[in-house]
Amino acid sequence: MKKKYESELLMVCHEQAKDWHQAGIISDAEMREYDEDCLVHEPSSPSTAGSSKQNPSPAYARPQR
């Protein structure tokens, strides 16, 4: 399955994070955060659609527009 990214910049960030993860520089939990932030996710059910974007973790909070 081909991964879809939020943007080309996030694709580059995610690819770098994968290299760091393989080298042991970042943990599994940190890699999951990169996955959540960089990859496009299909909602599994209507009740969870967009939930990660509404309440991002403080370390990765993005300014609201």
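Me: How many residues are in helix H1, and how far does it reach?
Reply: In this predicted model, helix H1 covers residues 8–23, which makes 16 residues, and from its first C-alpha to its last it reaches 23 Å, close to the 22 Å expected at 1.5 Å a residue.

Me: OK, at what angle do H1 and H2 pack?
Reply: Helix H2 spans residues 28–38, and H1 packs with H2 at an angle of about 165°, while their axes lie 10 Å apart.

Me: Why are they called roughly antiparallel, then?
Reply: Angles over 145 degrees count as roughly antiparallel, and the angle here is about 165°, so H1 and H2 are roughly antiparallel to each other.

Me: Is that crossing left-handed or right-handed, and which residues make the contact?
Reply: H1 passes H2 in a left-handed crossing. On the H1 side the contact is made by Leu 10, Cys 13, His 14, Ala 17, Lys 18, Trp 20 and His 21, and on the H2 side by Asp 28, Met 31, Tyr 34, Asp 35, Asp 37 and Cys 38.

Me: What classes do those fall into?
Reply: The contact of H1 with H2 has seven nonpolar residues, together with two polar and four charged ones.

Me: What share of the chain is buried?
Reply: Of its 65 residues, 14% count as buried.

How values were computed. Residues numbered from 1 in each chain as written. Predicted model: local features only at pLDDT ≥ 70, side-chain atom pairs only at ≥ 80, totals over all residues. Heavy atoms only, no water. Helix = DSSP H or I, 4+ residues; strand = E, 2+ residues; numbered from the N terminus. Expected span 1.5 Å × (residues − 1). Axes fitted to C-alpha atoms, helices over the stretch in contact; angles between N-to-C directions. Parallel < 35°, antiparallel > 145°, perpendicular 65-115°, else oblique. Left-handed = near helix turned anticlockwise from the far one by under 90°. Contact = heavy atoms within 4.5 Å. Nonpolar A, V, L, I, M, F, W, Y, C, P; charged D, E, K, R; others polar. Buried < 20%, exposed > 50% of the residue type's maximum accessible area, 1.4 Å probe, protein only.
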